[in-house]
Amino acid sequence: MRFSLRWLLVLAPLLLCGGTLAQGYPSRPIRIVVPFPPGGTSDILSRLIGPRLTEKWGQPVIVESRPGAAGAIAMELTAKSPPDGYTLVLTDVGTLVILPVLYPKTTYGIQDFAPVTTISFSPHLLCVHPNVPVSTVPQLIALAKKRPGALNYASSPAGAPYLAGLQFAHRTGIKWEYITGRGGAQSIMDVMTGQADVLFNGMLATLPPVKSGKLRLIAVSGEKRHSSLPDTPAVAESLPGFLTGSWQGLLAPAGTPPELVARLHAEVARILHSPDMKERLQAQGADPMGPPPAEAAKFLRDERDRFTKLVRETGYKPQ
């Protein structure tokens, strides 16, 4: 974290106020920045949580989509915002952890944020366009080997779905072309419209087009079949040990007083584990998380180490 006179002027009164500050928070609108276009998982979760915070605290919670540079624009904006609890970011594993792993010159890292909590986790869905003539993992592998490079894989340029495709190709020895869009919603649209053939993507955003028949579901990428899709096999049934998934986290700028972070965590965790929210998330394949800030911080460090190892093992070099 980089300190300057400006930050000292911001932090000094916050440190002096302590618990009093937390008691008076929030006294004005809160902004949740989302690094992706509307329609993706992070956007959906922000718009589920925001109104409930507004209802509880009586202050507007504004969801602001700031896509661009694979999410880096929103992350930098949040990292540089005053650490006063009024600018937060709700992002995913790709933007927060994977992008800095793939691109060491990325101007931010997990050290630039104060984790509030992790929101939810969902295994990826492996889907294809309905015209792709496969319905199982072995059939997909056979088709890709028969036509090397002919299948197009849709994903954001740096994220968990991208590395899911990388891991799948590495494990099976297949080759496909990567079409990189602006996030999960764009990847889904690319496959739905036939501009791409296949994708891994989070369940929350991907289940609706599966249910409407616009995508064909092949498998779930968890360790086993998901309770919401008991008839859908896991990729691991064909590729033992294969596991990928997406998670989202809510973060404040580094230096945000622990009292404010704790208050935010308490309310967001309450929302996530309320019976109706829990039922809604699980029905769409997302399991609510909500650990306290210290546990969330450890989780982020562990994820960074895990993806660092994956990139090293696959020998992946960003283009």
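**Figure 1. A cluster of aromatic rings in the predicted model.** In this predicted model, ring pairs join Tyr153, Tyr162, Phe168, Trp176, Tyr178, Phe200, Phe242 and Tyr316 into a cluster.

**Figure 2. Two edge-to-face ring pairs.** Tyr25 and Trp57 form an edge-to-face aromatic pair, with 5.7 Å from centre to centre and 70° between the planes. Because Tyr25 lies in the loop between helix H2 (19-23) and strand S1 (30-34), while Trp57 belongs to helix H3, this pair ties together parts that are 32 residues apart in sequence. Tyr25 is buried, with a relative accessible area of 3%, and Trp57 is buried as well, with a value of 14%. In the pair formed by Trp247 and Phe299, the ring centres are 5.2 Å apart and the planes stand at 70°, so this pair is edge-to-face. The pair links distant parts of the chain, since Trp247 sits in strand S9 and Phe299 in helix H12 (residues 293-314), 52 residues apart. Trp247 is buried at a relative accessible area of 1%, whereas Phe299, at 25%, is partly exposed.

**Figure 3. Arginine side chains over aromatic rings.** The charged end of Arg28 is placed over the ring of Tyr86, at 3.8 Å from the ring centre. Arg306 lies over the face of Phe307, where the distance to the ring centre is 4.5 Å.

Figure 4. The buried residues are Val93, Gly94, Thr95, Leu96, Val97, Ile98, Leu99, Pro100, Val101 and Leu102. Their cover includes helix H4 (72-79), strand S3 (87-92) and strand S4 (113-128), together with H7, S9 and H12.

**Figure 5. His170 and its contacts.** His170 is found in helix H7 and counts as partly exposed, with a relative accessibility of 48%. When residues up to four places away in sequence are left out, His170 touches Glu313 and Thr314. The C-alpha atoms of His170 and Gly315 are separated by 9.8 Å, although these residues are 145 residues apart along the chain.

**Figure 6. The largest pocket.** The largest pocket holds about 360 Å³ of space and is lined by 33 residues, of which Phe36, Asp92, Ser156, Gly183 and Gly184 lie nearest its centre. Among the elements that each supply at least two residues of this lining are helix H3 (41-57), helix H5 (93-102), helix H8 (184-192) and strand S7 (198-202). Sorted by class, the lining has 13 nonpolar, 18 polar and two charged residues.

Figure 7. The residues lining the largest cavity include His124, Gln167, Thr244, Arg306 and Phe307, and H7 contributes the largest share of the lining, four residues. By class, this lining has six nonpolar, four polar and one charged residues. The second largest cavity has a volume of about 30 Å³, and its lining includes Leu96, Pro115, Trp247, Gly249 and Leu300. Two or more residues of this lining come from each of S4, S9 and H12, and S9 gives the most, with four residues. The lining of the second largest cavity has seven nonpolar, three polar and no charged residues.

Key
Residues are numbered from 1 along each chain as its sequence is written. This is a predicted model: local features need pLDDT of at least 70, side-chain atom pairs count only at pLDDT 80 or more; totals for chains, interfaces and linings use all residues. Side-chain values use heavy atoms; hydrogens and water are left out. On a 1 Å grid over the protein atoms alone, a cavity is a set of points where a 1.4 Å probe fits but cannot get out, and a pocket is an open set with protein on both sides within 12 Å along at least five of seven lines; lining residues have an atom within 4 Å of a point. Grid points are joined across faces, edges and corners, and a volume is the space filled by probe spheres set on the points. Ala, Val, Leu, Ile, Met, Phe, Trp, Tyr, Cys and Pro count as nonpolar, Asp, Glu, Lys and Arg as charged, and the others, Gly among them, as polar. Rings of Phe, Tyr and Trp (its six-membered ring) pair if their centres lie within 6.5 Å; planes under 30 degrees apart count as stacked, over 60 as edge-to-face and the rest as tilted. Buried means under 20% relative accessible area, exposed over 50%, partly exposed in between (1.4 Å probe, protein chains only). A charge sits over a ring if NZ of Lys or CZ of Arg is within 6 Å of the ring centre and within 35 degrees of the ring normal. Contact means heavy atoms within 4.5 Å.
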